[in-house]
Amino acid sequence: MFRPRVLGNGLQRLVQAGGRRTYVTDADVESARRYCYTQLQTSDYDAHLIRRFVPPPVQDTYAALRALNLELVRLPELVSNPTIGTLRMKFWQESIDNTFADRPPREPICILLSKGLKELEERAGTGTKKSIKYWISRLISTRERHMDNRPFTSLSSLEDYGENTYSTLMYATLASLPMRSMNVDHLASHIGKACGIVAVLRGIPVLAAPPRPVKTPSGMDAPATREPTLLLPLDIMAEEGVKEEEVFRKGPGAAGLQDAVFKVATRANDHLITAREMLKKLKAGEDAGHEFEHQGEGEHFYMEETDTARDIRRSFGVLLEAIPAAQYLENLEKANFDPFTVKSGGWKLPWRIWQALSKERL
């Protein structure tokens, strides 16, 4: 499928599609599905595995959401100045707006998302679309705020980032079921925060290294689009005496790096432990044990109590995001908290995801 560029044809197509409905064929949907599935398989293997275990009615929506997240994550690597980055973010927000207005641009992610929204409307009416749009818009705005790859000021701000990205992706997927359950959202909040922290730890070897040289069509070296960066929270780096320049030069040999990674990883693990303890209590018919701190924010409002055990069964495929995060933290511990030498999940990850689903355990 032709993917419109953000500058030039991409914006022109978006404007043309803005005032009328676009006609999407079954072939367009199939092409969009192949594109999104391929993106996950090649660039987000964890999501590629989990997609197979989320409830079948939302697998396409899940793939579209995760492919959108990939597009947004890549932008800092692809743009040469903030203005272009802002334009691309504006493109995505307007594309989402048009998709929810039943005018999806000729863009694979939007076409597949539109297909999922139509099926959701057939299953449950239009009431939950507002929630999904809210969560996607929050994802885009958060990614835009972090385009410059500045370090997080504190561990708390890193948790907020996880809440506004990975937890938010889970909220959007849950709303697509549709599912509005405070207890399930509460579980997703802790899991998403852990996933956000893990994503930052995984990115250390990539972002701290010099960018790969890129050749222009004439064979000349293109200017670098970014400088090396380290996204670990500044308060943790200060406590452990970590200096960015040393990490850029020495990598894992930088003083204090492994101690700082240990502290950050511990917070991610704490969220996963909390989610596991909550899950046990909720399945036993008990209270979660603590209040949901985000209740009443955004789309976190709940009109009536629901059957928690049934909600967990319906949504458990979405909660499986905890499994890759947990395995990464285990492998990081085995590597003595050196993010440069962590081994991949390998064949064990699909097995662990299936086992977690069959036993309903995180």
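Which residues line the largest cavity?

1. The lining of the largest cavity consists of Tyr62, Leu65, Arg66, Leu169, Met170, Thr173 and Glu321. A cavity here is a set of points, on a 1 Å grid over the protein atoms alone, where a 1.4 Å probe fits but cannot get out, and lining residues have an atom within 4 Å of a point.

2. On the basis of the note: this is a predicted model, in which local features need pLDDT of at least 70 and side-chain atom pairs count only at pLDDT 80 or more, while totals for chains, interfaces and linings use all residues. Residues are numbered from 1 along each chain as its sequence is written, and side-chain values use heavy atoms, with hydrogens and water left out.

3. The protein chain contains 15 helices and 0 strands, taken as DSSP runs (helices H or I, at least four residues; strands E, at least two) numbered from the N terminus. Of its 362 residues, 52% are buried, meaning under 20% relative accessible area with a 1.4 Å probe and protein chains only. Where contacts (heavy atoms within 4.5 Å) link residues at least 6 apart in sequence, 73% join residues at least 24 apart.

4. The count is 1 cavity of 30 Å³ or more. The largest cavity holds about 40 Å³, a volume being the space filled by probe spheres set on the points, with grid points joined across faces, edges and corners. Helix H4 (59–78) and helix H8 (155–175) each give at least two residues to its lining. Domain 1 (25–125) and domain 2 (149–216 + 224–289 + 307–361) each contribute at least three; these bounds come from an automatic or database domain assignment. By class the lining has 4 nonpolar, 1 polar and 2 charged residues.

5. Serine 181 sits in the loop between H8 and helix H9 (182–207). Serine 181 is buried because its relative accessibility is 2%. Its side chain has a polar atom 3.3 Å from the backbone nitrogen of valine 184. A polar contact (N or O atoms within 3.5 Å, one able to donate a hydrogen and the other to accept it; residues adjacent in sequence count only if both atoms are side-chain atoms) of 3.4 Å links the side chains of serine 181 and aspartate 311. Leaving aside residues up to four places away in sequence, serine 181 touches Tyr302, Thr306 and Asp311.

6. Asparagine 331 belongs to helix H14 (residues 322–334). With a relative accessible area of 15%, asparagine 331 is also buried. Its side chain reaches the backbone oxygen of lysine 343 at 3.3 Å. Beyond residues up to four places away in sequence, asparagine 331 touches Val342, Lys343, Ser344 and Gly345.

Technical notes:
On a 1 Å grid over the protein atoms alone, a cavity is a set of points where a 1.4 Å probe fits but cannot get out, and a pocket is an open set with protein on both sides within 12 Å along at least five of seven lines; lining residues have an atom within 4 Å of a point. Ala, Val, Leu, Ile, Met, Phe, Trp, Tyr, Cys and Pro count as nonpolar, Asp, Glu, Lys and Arg as charged, and the others, Gly among them, as polar. Buried means under 20% relative accessible area, exposed over 50%, partly exposed in between (1.4 Å probe, protein chains only).
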